[in-house]
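The points are grouped by topic.

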Amino acid sequence: MSFSSEVKEELIKSIPHERHCRISELTALLAFSGKRVGSSIFVYKNTETAAALRKCFTLLSKTFNINTEILGTGIDNNRPFIEFSRDPAGMSDVLDAIAKEAPIYLLENDCCKRAYLRGAFISAGFVNDPGKAYHLEFVCQDEASAEMIKELLYDFDIEAKSVARRKYFVVYVKDADTIQDVLNVIDAHKALMELVGARIVKDVRNNLNRRNNCDVSNMAKAVTAASKQIDDIILIRDTGGLESLDEPLREIAELRLEHPESSLTELGTMLDPPVGKSGVNHRLRKIGEYARKIGSGKS
Ligand SMILES: [Zn+2]
């Protein structure tokens with residue numbers, strides 16, 4: 001599986017808790033993979049469609065209790081599409097509600113901006129394999145959508161560029177740090193860790209003369225540990241929510257998610273008051289124990 005598909009798989013699996021985020025993500029999925037025609041939705045067929053379609057179905061079902069199905073396929077403006085809906089009346093109301101509510105959420109909530117960018121990435125995003133040149137993009141149908149993506153990214157201090165490519169407008173970022181920032185904003189934490197790991201390998205290869213095998217194995221260990229911590233934190237977030245943790249644990253969990261590449265010492269200095277490496281390690285171990293309890297259903 002390509003790295004891009006891995007990112008999408010990860011994003012499809014995570015379902016936002018809040019209705020506002022679900023609606024924002026749904027809006028982007030619909031806007032970037034198809035269009036509304038009356039009470040039906042047309043999703044254009046391309047390699048990314050299956051992913052977008054799956055998430056649309058899940059979000060519609062979980063948010064509105066509407067179980068959509070594929071009605072058929074056809075051609076619109078020379079482009080093949082899949083049409084889906086269930087009962088026309090119910091679907092129409094849902095689509096009206098989404099169209100009315102989403103713009104308000106997008107103006108007000110950071111969580112909803114993230115959700116929108118996530119939906120847009122599932123529908124129209126692409127990221128190079130971490131071993132190759134660094135490149136992440138959103139392929140937009142029109143200039144207005146491209147501007148919107150740029151503005152939303154800018155709200156998270158990410159400066160993306162855009163360029164017209166054939167009939168599309170492409171918003172892109174081209175350096176590893178910025179790509180990490182985008183993956184972080186759209187909540188692709190596992191993919192982010194993979195990128196961090198690949199960067200370390202690359203970095204080590206480039207500096208082979210200055211480093212020895214011991215450094216490499218220590219760094220590999222640190223990345224594996226951070227990956228595991230992030231898995232645990234995501235598990236807690238997606239079950240009881242991070243609020244279920246005591247304040248000191250919640251703080252470090254949030255920091256770890258925001259700074260997957262930071263060392264324990266660095267994380268410690270971000271706390272107020274600062275905490276040493278062993279203190280951070282202690283808290284992360286407690287989070288690990290808590291996650292294991294949830295995992296085995298004892299919580
Ligand atoms: Zn939200």
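The model discussed here is predicted.

**Packing of H1 and H5**

- Helix H1 (residues 3-13) packs against helix H5 (residues 110-124) at an angle of about 135 degrees, and their axes are 10 Å apart.
- The handedness of the H1 and H5 crossing is left-handed.
- On the H1 side the contact involves Lys8, Leu11 and Ile12, and on the H5 side Arg118, Phe121 and Ile122.
- Sorted by class, the residues in the contact of H1 with H5 are four nonpolar and two charged, with no polar ones.

**Leu242, between H9 and H10**

- Leu242 is located in the loop that connects helix H9 (213-239) and helix H10 (247-258).
- Leu242 has 17 C-beta neighbours inside 10 Å and therefore counts as partly exposed, a class that lies between the limits of 12 or fewer for exposed and 20 or more for buried.
- Apart from neighbours within four places in sequence, the contacts of Leu242 are Ile236, Arg237, Arg250, Ala253 and Glu254.
- For one of these residues, Glu254, the C-alpha to C-alpha separation from Leu242 is 8.2 Å, at 12 residues apart in sequence.

- Asp157 sits in the loop between helix H6 (143-154) and strand S7 (161-165).
- The phi angle of Asp157 is near 65 degrees, which is positive although the residue is not glycine.
- Asp157 counts as exposed because it has 9 C-beta neighbours inside 10 Å.
- Arg166 belongs to the loop between S7 and strand S8 (168-173).
- For Arg166, phi is near 45 degrees, again a positive value in a residue other than glycine.
- With 6 other C-beta atoms within 10 Å, Arg166 is exposed.

**Cis peptide bond at Pro273**

- The peptide bond running from Asp272 to Pro273 is cis, and its omega is near 0 degrees.
- Pro273 is part of the loop between helix H11 (264-270) and helix H12 (277-295).

Methods:
Residues numbered from 1 in each chain as written. Predicted model: local features only at pLDDT ≥ 70, side-chain atom pairs only at ≥ 80, totals over all residues. Axes fitted to C-alpha atoms, helices over the stretch in contact; angles between N-to-C directions. Helix = DSSP H or I, 4+ residues; strand = E, 2+ residues; numbered from the N terminus. Left-handed = near helix turned anticlockwise from the far one by under 90°. Contact = placed C-beta atoms within 7 Å. Nonpolar A, V, L, I, M, F, W, Y, C, P; charged D, E, K, R; others polar.
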